[in-house]
Amino acid sequence: MGKRAVLAALASAVLFFFGTGLDPVPELAWLAPLPILLLAPRVPGWATLACAFAAHLAGSAGTWSYFWHSLSVPRPAALGILGGSAVLFAVCAGLFGLLARRGHAVLAAVAAPALWTVALYGVSLLNPTGLMGTFMTTQADRPSVLRIAAVTGGWGVEFLVLFVPAAVAAALAPGVRRATRLGTAVVVVAVLAGLAVWTVPPLTGPSTRVAVVAPARHPWAVDVATPDGQAVLQSYVDEIGRLPAGIGVVVLPEATFAVDQTSRPHLVEAFTQVARAKNLDVVTGVIDTTPEGRFNAALAIPPSGGTAEYRKWHNGDSPNLASGTEPTRFAGLGLMVCMDVNFADPSRDYGDAGTGLVLIPASDEDVDGWEHSRTALIRGVENGFSVAWSAARGTPMLADARGRVLAETHTGGSPFSVVVADVPLGPGKTPYARFGDWFAWLCGLLALAGIATAVRRRSDAERVGVA
């Protein structure tokens with residue numbers, strides 16, 4: 001393997017390291033695939049595959065420790081994510097190089113990112129922990145880019161971040177006609193200029209003043225019936241009592257308490273009293289043992305004392321937990337829990353119903369706090385709702401339906417981290433909420449077109465050789 005190939009792999013690995021992962025530089029994500037894609041039409045296919053695999057795997061080194069020690073991702077799955085992503089990038093780069101060498105520069109520019117996108121869509125349907133931490137997540141602090149997700153879902157962002165370097169590499173591939181180079185350059189400049197000047201207008205509808213409260217130390221599902229549970233409950237009641245006036249709803253983290261039919265009334269009564277005193281609603285995460293099963297739930301408690309409970313749909317490989325099947329609206333607001341945002345549903349159900357704000361108790365692992373909060377933000381943009389994300393060991397955040405972060409912090413350093421903001425209600429009913437993953441299916445068709453062209457041309461060449 002020549003020096004050029006090694007340098008391309010090294011450059012791409014460095015760009016992947018800083019442009020993706022748990023704390024990415026968004027602009028570098030657009031550049032990370034470029035060295036490999038520039039290399040692909042100029043070297044044999046095996047060299048493209050090897051360099052692309054090595055670049056992506058080395059570039060993900062910043063996440064190795066997280067995946068290896070993660071409490072929510074089993075190690076076999078972690079190895080599959082790291083290795084599978086590198087294999088997928090290698091295959092996409094290989095397809096790009098094959099098509100570009102055969103003169104299909106435009107098809108190469110769209111088929112490679114389409115293959116990447118539709119493959120991740122398939123993973124999102126099959127993986128029990130869902131999907132986060134891909135190209136779309138790197139752009140979560142760029143509302144002008146993320147805005148297209150309201151039409152295409154996050155898949156449009158995923159495609160776009162890989163399409164721009166693929167288009168540049170295709171235009172610069174050997175043997176490409178001057179007109180094709182010029183046309184591709186115009187398209188890329190137009191896309192980048194449009195993103196640069198496309199501002200995201202603030203929402204102007206009614207708003208709700210929301211507080212999210214998360215502790216520095218988070219005992220998982222402390223039993224309300226025990227002395228420790230009573231102490232934790234009182235600490236939250238005291239913290240809510242210290243909140244400023246005018247707050248309409250406060251959201252606590254996932255699995256803050258464990259309750260059953262006997263202890264639940266005491267939890268409800270304690271929060272009802274402070275809810276009446278502050279004239280607000282309280283939403284807390286609970287592990288609720290019921291006759292129907294044991295659920296990871298979000299429990300909403302208004303000043304009146306009547307409750308609404310949402311039961312988490314997606315529990316990963318958590319043992320002894322049943323899964324809910326219904327969205328829950330409380331005073332017109334939606335409820336979810338943590339890992340639910342890694343999946344399309346129930347977010348799309350809330351968006352299709354016109355829900356303007358979704359309240360989400362969550363619990364993270366410190367290092368993935370930003371990444372998971374932005375996964376929730378993306379769901380909000382896709383479906384037109386604002387997000388209140390209350391994450392223990394993470395990044396409590398309030399964001400509007402356009403993807404603008406209104407307030408955030410990171411837990412630790414004080415007993416409680418508190419974030420307060422006026423959160424405008426989103427419009428819901430986005431095109432994505434109505435029509436679903438149409439763009440991912442379009443990517444599937446584009447990828448098939450690229451693969452079919454590559455296979456057909458190879459078969460034609462073989463027939464000519466035989467003749």
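**Exercise 1.** In which loop is Ala 255 found?

*Solution.* The structure is a predicted model, in which local features need pLDDT of at least 70, side-chain atom pairs count only at pLDDT 80 or more, and totals for chains, interfaces and linings use all residues. Residues are numbered from 1 along each chain as its sequence is written, and side-chain values use heavy atoms, with hydrogens and water left out. Ala 255 belongs to the loop between β3 (249-251) and β4 (257-259), where strands are DSSP runs of E with at least two residues and helices are runs of H or I with at least four, numbered from the N terminus. Phi of Ala 255 is near 50 degrees, a positive value in a residue other than glycine.

**Exercise 2.** Decide whether Ala 255 is buried or exposed, and then classify Arg 393.

*Solution.* Buried means under 20% relative accessible area, exposed over 50%, and partly exposed in between (1.4 Å probe, protein chains only). With a relative accessible area of 0%, Ala 255 is therefore buried. Arg 393, at 25%, is partly exposed; its loop runs between β11 (386-392) and β12 (397-399), and its phi is positive, about 50 degrees, although Arg 393 is not a glycine.

**Exercise 3.** Describe the surroundings of Phe 53.

*Solution.* Begin with helix α4 (residues 45-59), which contains Phe 53. Leaving aside residues up to four places away in sequence, Phe 53 touches Gly 83, Ala 86, Val 87 and Ala 90, a contact being heavy atoms within 4.5 Å. Between Phe 53 and Ala 86 the C-alpha to C-alpha separation is 4.8 Å, although they are 33 residues apart in sequence.
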